[in-house]
Amino acid sequence: MNFSKNVTDLYDVVETRPLNELKAEGIYLRHKKTKARIALISCDDDNKVFCISFRTTPENSTGVPHILEHSVLCGSDKYPIKDPFVELAKGSLNTFLNALTAPDKTMYPVASCNDKDFKNLMDVYLDSVFHPNIYKHKEIFLQEGWRYEIEDGVLKENGVVYNEMKGAYSDPSDVFFETVKRALYPDTQYGNDSGGDPDHIPELSYEEFLEFHGKLYHPSNSYIYLYGNMDMEERLLYLDSEYLSKYEYREVDSNLRSQAPAFREETDTYAVDTVEDEKDASWYAYMTATDTKDNLTLTALTILDYVLSDAPGAPVKRALVEGGIGTDMSGVTDSDMKQAYAGYLIRNAAVDAKDKFVEIVENTLKKLVKEGIDKKALLSAINIFDFKYREADFGVYPKGLMYNFNLFKTWLYDDNRPFDALELGGVYEELRKLAKGDYFEKIVEEYILNNPHKAIISLHAKAGKQEEKEKALAEKLAKKYAAMSEEEKQAIIKQQEELKAYQEAGDTKEDLEKLPTLTRSDIKREVEKDVIAVGEFNGVKELKHELYTNGICNAIYSFDAKHVKEEEIPYLGLLEITLGMVDTANYKYDDLTKEINLHTGGIAALLSFDADRHNPDRLRVSLNVSGKCLEDKCAKMNELMAELIFGTQFTDPVRVKEIIAENVSRMKMSLESAGHRTAINRALAGFTEESLFTELTSGIAFYKFISDLLDNYDEKKDEILATLSGLVKKIFTKDNLIVSFTGEAKEIAALEAAAGIVLDKLPSGKEDSEVKPALKKANEAFTTSGQVQYNCMAGKFGESIDDFNGAMVVLSTMLNYDYLWMNLRVKGGAYGCMSGFGLDGSLYLASYRDPGFKGTYDIFKGVADYAEGADLDEKTLTKYIIGTISRDDRPLSPVAKAQRSFTRYLRNLTEADRQKTRNGVLDCTNEDIKAVAPCIRKFYDDSVRVTVGNAGKVNENKELFETVTTLA
């Protein structure tokens, strides 16, 4: 790319590099006046990305980088409204809008396909980071960071980040990773928590908060990124004239210190509910760190992580499990730091198993170095990582955003290497060659076994830890309150009142007008058409999605499983997690994984539940076997899919027990860490069959089911194996099947040509009966050792899509960014809030990492009044409409588009249905919003409450629930 003199007078072009594997060009510039770093990736992608980042290196664990990340988006000089972030979420066509705090950087990325919108987003973010209102309004710090409150004569602490991190520190995974950083990097900034430790967040003063911003949020410490199809020269001139030219160069000390190698041991604890929960609940990790930023080495460590730890039958995992050390083992690798780390983690081990754990890890690694690592395992892992790299499918996340993350693997630590971590095709080719020798064995020897920079981590379960912390905090605050003068108490009460007044004061119309917005005319009215052709192939229904997929063939064999017996429904969840993880007729389970990875981009089994949107009583329960490969591998992929479908053998009770134990461990963590999803689905399971099946196969009910199987395995193992074997025969028949193929015409033809390998072996037959488990609704609470709550109210406002309209979707946006946001997050300190009206007539209202309880449910009870009082001016309502549309119009990868079309087909969601909803959104009026209020009042009449949260808080409010039980 050649720039005009206008640009080269302002910027030094440091490097221009063709990024052939990305079909793009990379340009690296330095702003002459401020030395700001700018990386451009110019390509044909219309989903444009902008990000400004700063190296933010914490010297303590008060969370100042994280609190600033929240706070700078609370208004600025040019856009003085209190929450431009929320206003943008309401009224932007963004495809990504967020901010992120990492251990050594803070990132402010936005993305949009709309040029006008993209420029608006970019300007709001730049003004926010450079000219935030934090200097004018201390209330921002008090709201987003932390504050004292006095309630009924009791001193408390509150704040959005404070409560967010209380939730994080309730998750043993977060505790573990902070322990790892303390152990490996005790003398560097990485030894601190940039997100904030709740025990230390209240040590941060407002003055220190401002000082941190003043020091580090400067162009000289910035990393600016632009990606996509845009006029790069125009954007560079804009950057200079509007922002960078206003600053002088400043020497900013944000450098990251390196940790001198040493061996350390670190021990910590995490909270559990009872003494019984302490048994066999310890975590141990064998961790090493390295200074290398060589792509070959770091990629090799990632490959080894998978081969030795994460793949089915991986040797370190197998040795630990067979040695009786824990039930859930995984590799732990992170190269997004100055000194990357790698190692091995085991969960659910005995409290005295540390030495045996270390011994098994080291002996296994020594044996592998001496005897060699399985070459096929290495090559298959290299292939699957290379496949995913070339596929570049990041789901809903813009591709340019993920490239931005990758830039920082080198750029943050070496100004001269912004693009070095982007192109890895040659790295994978080199690793294939090196795998034939002893390269990987030498990596294990040098970077793991003989590495002097090493730490052994022990994390033990401790019953009553949370109660002790709460008691100690209460006593500390009570003592502080008692020592306060009346003037000090009144100062806090006055501060509370001033904060409340600040929060409740609306933005002036004049200030709101300053925020750039779009209009309804900027939005296309027509829905995007699904790319789908429905026909018949080889005696089964075929769905074809003809899309460009860069040569990748995608196949789904979807089997109807609705006809299982009611008692077999939870076994569907067990079948999902065991298919591909046990031996088959021709392969040991670990050899099957190697074969799949060597020849394909992956094969997986996944359940889905799809209710007919015009008749929610009609539910398709699908067990989908899906795979992806290159065109010349279609036959091999189908052979392997056939092996999974016809050859799976449930004859090894030891292996099945291992799978159950591993999943019990992982579910225990995920149910609590994603407590909002846990609560929402549990609550909706009393109202919709779709949610009930989800609950029975992956929710609390399923967790309790597999926990019981594990606890009584010797007695139930024969029944387990027989039931799984029976389900395979019952489900995998030709009459139960729909196939879905995605690719260009030649790829679909290749898939069809190979499909007979599966189809010709399928027996006929389909059972006529369909299981319909009874819906059971109840007010329930599930206690945890966590410090926060996840609250949900759910029910039905109608019975089908006929009762649903576009105004409900707009109202959900209004709730999420106004009523619930203001009351639960801004005033209440909860980290998140959400709502959803379903096409099946369902509705949920929920909170995330919420310090509140009964008050949250009272706020939910105000939603109908809020809808009934809708009185928005045209510009405000239009914002909500645009924000609503933006969620539906986000660009998807071809495979994601095909999956969406497939799901819509199964749900009988027609183009006419979608157009009707879109019209309802685009034409929404205040009267339409008001008309939703009676539906919400109907919902209240038969709704339920479900909370996942702190045991003490739950028991204080147990009158809200019919049952109170321990989550896990």
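The structure is a predicted model, in which local features need pLDDT of at least 70 and side-chain atom pairs count only at pLDDT 80 or more, whereas totals for chains, interfaces and linings use all residues. Residues are numbered from 1 along each chain as its sequence is written, and side-chain values use heavy atoms, with hydrogens and water left out. Helices (H or I, at least four residues) and strands (E, at least two) are DSSP runs numbered from the N terminus.

An open sheet of 5 strands has the order S11-S15-S12-S14-S13, and its pairing is mixed; two strands pair if DSSP finds at least two bridges between them. Strand S11 (263-272) and strand S13 (328-334) stand at the edges with a single partner strand each, so one side of each has no neighbour in the sheet. On average, neighbouring strands of this sheet are turned by 20° against each other, direction ignored. Axes are lines fitted to C-alpha atoms, for helices over the stretch in contact, and angles run from 0 to 180 degrees between N-to-C directions. S11 runs parallel to strand S15 (residues 454-463), and 10 bridges join the two. Within this pairing, aspartate 268 has leucine 459 of S15 as its bridge partner. Helix H7 (residues 172-184) lies across S11, strand S12 (282-290), S13, strand S14 (340-349) and S15, at about 145° to S15. Helix H23 (residues 653-673) also packs on the sheet, where it touches S12, S13 and S14, and its direction makes about 55° with that of S13. Contact here means heavy atoms within 4.5 Å.

A further open sheet has 6 strands in the order S16-S17-S21-S18-S20-S19, again with mixed pairing. Its edge strands, S16 (533-537) and S19 (603-612), each pair on one side only. The twist from one strand to the next averages 25°. S16 and S17 pair in the antiparallel sense over 5 bridges, and valine 534 has leucine 543 in S17 as its bridge partner. The hairpin of these two strands has 2 residues between them, and asparagine 538 takes a positive phi near 55° there. Strand S17 (residues 540-546) pairs in the parallel sense with strand S21 (residues 737-743) over 6 bridges; lysine 541 stands opposite isoleucine 738 in S21. Helix H28 (residues 745-759) lies across S16, S17, strand S18 (552-560) and S21, and runs at about 150° to S21.

The axes of helix H3 (residues 84-91) and helix H4 (residues 115-130) come within 11 Å and cross at roughly 170°. H3 and H4 are therefore roughly antiparallel to each other; angles under 35 degrees count as roughly parallel, over 145 as roughly antiparallel, 65 to 115 as roughly perpendicular and the rest as oblique. Pro84, Phe85 and Leu88 of H3 meet Leu121, Val124 and Tyr125 of H4.

The axes of helix H11 (residues 315-322) and helix H12 (residues 354-371) come within 10 Å and cross at roughly 140°, which makes H11 oblique to H12.

Aromatic pairs are rings of Phe, Tyr and Trp (its six-membered ring) with centres within 6.5 Å; planes under 30 degrees apart count as stacked, over 60 as edge-to-face and the rest as tilted. The count comes to 39 aromatic pairs. Among them, tyrosine 108 and tyrosine 125 are edge-to-face, at 6.4 Å centre to centre with 80° between the planes. Tyrosine 108 lies in strand S7 (residues 105-112) and tyrosine 125 in helix H4, so the pair ties together parts that are 17 residues apart in sequence.
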